[in-house]
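Reader: I have a chain to look at. Please walk me through the labels and the cut-offs behind them.

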Amino acid sequence: MGFTSPWHWAIVAVVVIILFGSKKLPEAARGLGRSLRIFKSEVKEMQNDGKSDADTTTAQQPAAPAQLPSPAPVVQPNSEAQHDAKSA
């Protein structure tokens, strides 16, 4: 039969009620519902932010060509004479 038979679910429900108590279950369900609502609203907001950012950047200005960074200056090791002249 498997785990999906009605008797299995009834036993699981009884165990959950015994473990958590009948007073804490409604509070837990409310907390879970609030968390899911917040999660859904954040996911929608992230999707809308991604769409609006992509739409505005492509519509307002074309993509600029990538520029390579300028090469770093080559630093010569100082000799002791140059070091002494700088410190004096």
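Author: What follows takes the labels one by one. This is a predicted model, where local features need pLDDT of at least 70, side-chain atom pairs count only at pLDDT 80 or more, and totals for chains, interfaces and linings use all residues. Residues are numbered from 1 along each chain as its sequence is written, and side-chain values use heavy atoms, with hydrogens and water left out.

Reader: Why is Ser-5 called buried?

Author: Buried means under 20% relative accessible area, exposed means over 50%, and partly exposed lies in between (1.4 Å probe, protein chains only). Ser-5 has 8%, so Ser-5 is buried. Across the 88 residues of the protein chain, buried ones make up 1%.

Reader: What makes Ser-5 and His-8 a polar contact?

Author: A polar contact is a pair of N or O atoms within 3.5 Å; within protein, one must be able to donate a hydrogen and the other to accept it, and residues adjacent in sequence count only if both atoms are side-chain atoms. The side chains of Ser-5 and His-8 make such a contact at 2.6 Å.

Reader: Why is Trp-9 called partly exposed?

Author: Trp-9 has 47% relative accessibility, so Trp-9 counts as partly exposed. Trp-9 is found in helix α1, residues 6-60. Helices are DSSP runs of H or I with at least four residues, strands are runs of E with at least two, and both are numbered from the N terminus. The protein chain has two helices and zero strands.

Reader: How do you know that Val-16 is partly exposed?

Author: The relative accessible area of Val-16 is 31%, so Val-16 is partly exposed. Val-16 is also in helix α1. Beyond its neighbours within four places in sequence, Val-16 is in contact (heavy atoms within 4.5 Å) with Gly-21 and Leu-25.
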